[in-house]
Amino acid sequence: MKVYIDILLIENFVINFYLLLITLQVTKAHIKYWRLFLSAVIGSLYTLCIVIPSMNVFTLLPLKLFISFLMIFVCCYKNGIVDCIKKFIVFIVMSFLLCGVIAFISFYENGYSISDGITINKISSKYIILAVMITYIVCFGTVKYIKDKIVFSKLIYLVQIQYKNDIVSFKGFLDTGNELIEPVTMLPVILVEHNLVDNMIRNNKNLYIVKYSTVSGSEGYLKGFIPDRISIKGGDTAIEKRAVICPCYEKLSSCNEYKALISRGLL
């Protein structure tokens, strides 16, 4: 099999560059592109050890790991060894992910049989670039999803309301856009799915009218009541507040992650 050194070096440079770039972006590290370039060059030159027989001794696993760590260290040495180790672990995970994508693509390009297994005779540059792109998209999509979930979970609170002998508990979402205030008492409003509070509002004669308007310009009125007790818990927060509870006749969360919208005036 012919190996073109120039193509080998260029392909490995591109792969190393994007793996390092993904690692630094995922870990929110400050990126200096000249260091990134230098680090990718080091990784690219190391591939010569694979094709030059006299240098095969340098392909042992400990040395491979050392070169990988050196690449990270060149990019982030100012952040300290501990931080470099963390980024090194992320870099290894990204490398395994990319290898998995390339292996999957190589099955498609070279064919596979249960009896003969797989023999990789060729893999074109366009498939390697495609694998890098897929890895980049998957990594950022996954990281963004996890970060969004973490942020979202911090805005979910356990709410319990009591009116006379009725007590209901549900999850509420802290809606920064909910600025509804009952004009007489000047209390903030909590919107709750109606099935949770129908019984309470049915037995309550002291109802309040709250006018609302939406971003689209539509306006309307909500009926609400003040329960005897409102408890809000979440994270390090555990408070009791007074607020007006207004039933909502629309489903607030399509995935049933919460049943109420909490006014930001309560927290």
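This is a predicted model: local features need pLDDT of at least 70, side-chain atom pairs count only at pLDDT 80 or more; totals for chains, interfaces and linings use all residues.

Biologist: Fine. At what angle do H1 and H2 pack, and how far apart are their axes?

Modeller: The angle is taken between N-to-C directions. Here, helix H1 (residues 5-26) and helix H2 (residues 33-46) pack at about 135 degrees, and their axes are 8 Å apart. Angles over 145 count as roughly antiparallel, and H1 and H2 are therefore oblique to each other. Their crossing is right-handed.

Biologist: Which residues of H1 and H2 meet?

Modeller: On the H1 side you'll find Leu9, Asn12, Phe13, Asn16, Phe17, Leu20, Leu21 and Leu24. They meet Tyr33, Leu36, Phe37, Ser39, Ala40, Val41, Gly43, Ser44 and Leu45 in H2. Sorted by class, the residues in this contact of H1 with H2 are 12 nonpolar, 5 polar and no charged.

Biologist: Now H2 and H4. Are they roughly parallel or roughly antiparallel to each other?

Modeller: Use the angle again. H2 and H4 pack at about 165 degrees, with axes 8 Å apart. Anything over 145 counts as roughly antiparallel, so H2 and H4 are roughly antiparallel to each other. H2 passes H4 in a right-handed crossing.

Biologist: And what classes of residue does the contact of H2 with H4 have?

Modeller: From H2 come Arg35, Leu36, Leu38, Ser39, Ile42, Gly43 and Tyr46, and they meet Leu63, Lys64, Ile67, Leu70, Met71, Ile72, Val74 and Cys75 in H4. By class, the contact of H2 with H4 has 11 nonpolar, 2 polar and 2 charged residues.

Biologist: That leaves H1 and H4. How close do their axes come, and at what angle do they cross?

Modeller: The axes of H1 and helix H4 (residues 61-76) come within 11 Å and cross at roughly 60 degrees. That makes H1 oblique to H4. The crossing of H1 and H4 is right-handed. Asn16, Leu20, Thr23 and Leu24 of H1 make the contact with Met71, Ile72, Cys75 and Cys76 of H4. In the contact of H1 with H4, the classes are 6 nonpolar, 2 polar and no charged.

Biologist: On to rings. How many aromatic pairs does a search of the whole structure find?

Modeller: The search finds 7 aromatic pairs. One of them joins Phe17 and Tyr18, 5.8 Å centre to centre with 80 degrees between the planes. Planes over 60 degrees apart count as edge-to-face, so the Phe17 and Tyr18 pair is edge-to-face. Phe17 is buried, at 17% relative accessible area, whereas Tyr18 is partly exposed at 36%.

Biologist: Which parts does the pair of Tyr163 and Phe225 tie together?

Modeller: Start with the geometry: Tyr163 and Phe225 are edge-to-face, 5.8 Å centre to centre and 65 degrees between the planes. Tyr163 lies in strand S1 (residues 156-163) and Phe225 in the loop between strand S5 (219-224) and strand S6 (229-234), so the pair ties together parts 62 residues apart in sequence. Tyr163 is buried at 10% relative accessibility, and Phe225 is buried at 0%.

Biologist: Which residues do ring pairs link into a cluster?

Modeller: Phe13, Phe17, Tyr18 and Phe37.

Biologist: Last topic: where is Lys164, and what is its phi?

Modeller: Lys164 is not a glycine, yet its phi is positive, about 55 degrees. It sits in the loop between S1 and strand S2 (166-175) and is exposed, at 52% relative accessibility. Met186 also has a positive phi, about 60 degrees, although it is not a glycine. Met186 is in the loop between S2 and strand S3 (189-193) and counts as exposed at 55%.

Definitions and conventions. Residues are numbered from 1 along each chain as its sequence is written. Side-chain values use heavy atoms; hydrogens and water are left out. Rings of Phe, Tyr and Trp (its six-membered ring) pair if their centres lie within 6.5 Å; planes under 30 degrees apart count as stacked, over 60 as edge-to-face and the rest as tilted. Buried means under 20% relative accessible area, exposed over 50%, partly exposed in between (1.4 Å probe, protein chains only). Helices (H or I, at least four residues) and strands (E, at least two) are DSSP runs, numbered from the N terminus. Axes are lines fitted to C-alpha atoms, for helices over the stretch in contact, and angles run from 0 to 180 degrees between N-to-C directions. Angles under 35 degrees count as roughly parallel, over 145 as roughly antiparallel, 65 to 115 as roughly perpendicular and the rest as oblique. A crossing is left-handed if the near helix is turned anticlockwise from the far one by less than a right angle, and right-handed if clockwise. Contact means heavy atoms within 4.5 Å. Ala, Val, Leu, Ile, Met, Phe, Trp, Tyr, Cys and Pro count as nonpolar, Asp, Glu, Lys and Arg as charged, and the others, Gly among them, as polar.
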